[in-house]
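Student: I would like to learn how to read a protein model. Could we go through one step by step?

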Amino acid sequence: MKSNMLLKVSGILMIIGGIVTIILGIIALLFTGAAAAIGAKSGLLTMASLFILVNGIVSLIAGIIGAKNAAKPQMAQKCIVWGSLTALMCIIGNIIYVIAGTGLNYTNLFIGLILPAIYLLGAFQLKGKA
């Protein structure tokens, strides 16, 4: 069977984004740890840094699953679950921004949902071929 290009390309982009996000999450945790070591209150920063790291891991896993299984209709449901989880992480991230007092950033929310939406579209197309 021919690969679903939407799922494959968006999966590859999620792999790249996941790796970058994991690196940024690690850097954020290091800086948060350094701030805590000098006595700064860093509870929300630590939570946000951990969230960034988890978000990167979820994106990486979703990307690998999507790129690897883009030609396997029997794996479409698994891709749908991981794509939905990635979209949910974007929404939760924006909720954290609101809690932190920076307000809701509609541009960030919109851009953050584009790739998971394309990924999910490809997954649903793949499921239709099952």
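**Reading the model**

Tutor: We start with the surface. The chain has an accessible surface of about 7,400 Å², and 77% of that area belongs to carbon and sulfur atoms. Keep in mind that this is a predicted model.

Student: Which kinds of elements does the chain have, and how many?

Tutor: There are four helices and zero strands. Read from the N terminus on, the order is α-α-α-α. The C-alpha trace spans about 60 × 25 × 20 Å along its principal axes.

Student: How many of the 130 residues count as buried, as a percentage?

Tutor: The share is 33%. A residue counts as buried when its relative accessible area is under 20%. In soluble globular proteins, nonpolar side chains tend to be buried together.

Student: Which residues form the largest nonpolar core here?

Tutor: That core has twelve residues: Leu7, Met14, Ala62, Ile65, Ala70, Ala76, Cys79, Ile80, Tyr119, Leu120, Ala123 and Leu126. Helix 1, helix 2 (43–68), helix 3 (76–100) and helix 4 each give two or more residues to this core. Helix 4 supplies the largest share, four residues. As an example of a core residue, take Ala123. Leaving out residues up to four places away in sequence, Ala123 touches Leu7, Ala76, Cys79 and Ile80.

Student: Where is Tyr119, and is Tyr119 buried or exposed?

Tutor: Tyr119 sits in helix 4, which covers residues 106–128. Tyr119 counts as buried because its relative accessible area is 0%, and the cut-off for buried is under 20%.

Student: Which residues is Tyr119 in contact with?

Tutor: Set aside its neighbours within four places in sequence. The contacts of Tyr119 are then Leu7, Ser10, Gly11, Met14, Ala62, Ile65, Gly66, Cys79, Trp82 and Gly83. For Gly66 there is also a polar pair to look at: a polar atom of the Tyr119 side chain lies 3.4 Å from the backbone nitrogen of Gly66. As for Met1, 118 residues away along the chain, its C-alpha atom and that of Tyr119 are separated by 18 Å.

Student: What about Asn4: where is its place in the chain, and is Asn4 buried or exposed?

Tutor: Asn4 belongs to the segment before helix 1 (5–37). Its relative accessibility is 4%, so Asn4 counts as buried.

Student: Which polar atoms lie by the side chain of Asn4?

Tutor: A polar atom of that side chain is 3.1 Å from the backbone nitrogen of Leu6. The side chain of Asn4 also makes a polar contact with the side chain of Gln125, at 3.1 Å. Not counting residues up to four places away in sequence, Asn4 touches Ala70, Gly122, Gln125 and Leu126.

Terms used:
Residues numbered from 1 in each chain as written. Predicted model: local features only at pLDDT ≥ 70, side-chain atom pairs only at ≥ 80, totals over all residues. Heavy atoms only, no water. Buried < 20%, exposed > 50% of the residue type's maximum accessible area, 1.4 Å probe, protein only. Polar contact = N/O pair within 3.5 Å; in protein donor to acceptor, adjacent residues only side chain to side chain. Contact = heavy atoms within 4.5 Å. Areas by Shrake-Rupley, 256 points an atom, 1.4 Å probe, with all protein chains shown as cover. Core = buried A, V, L, I, M, F, W, Y, C linked by side-chain atoms within 4.5 Å.
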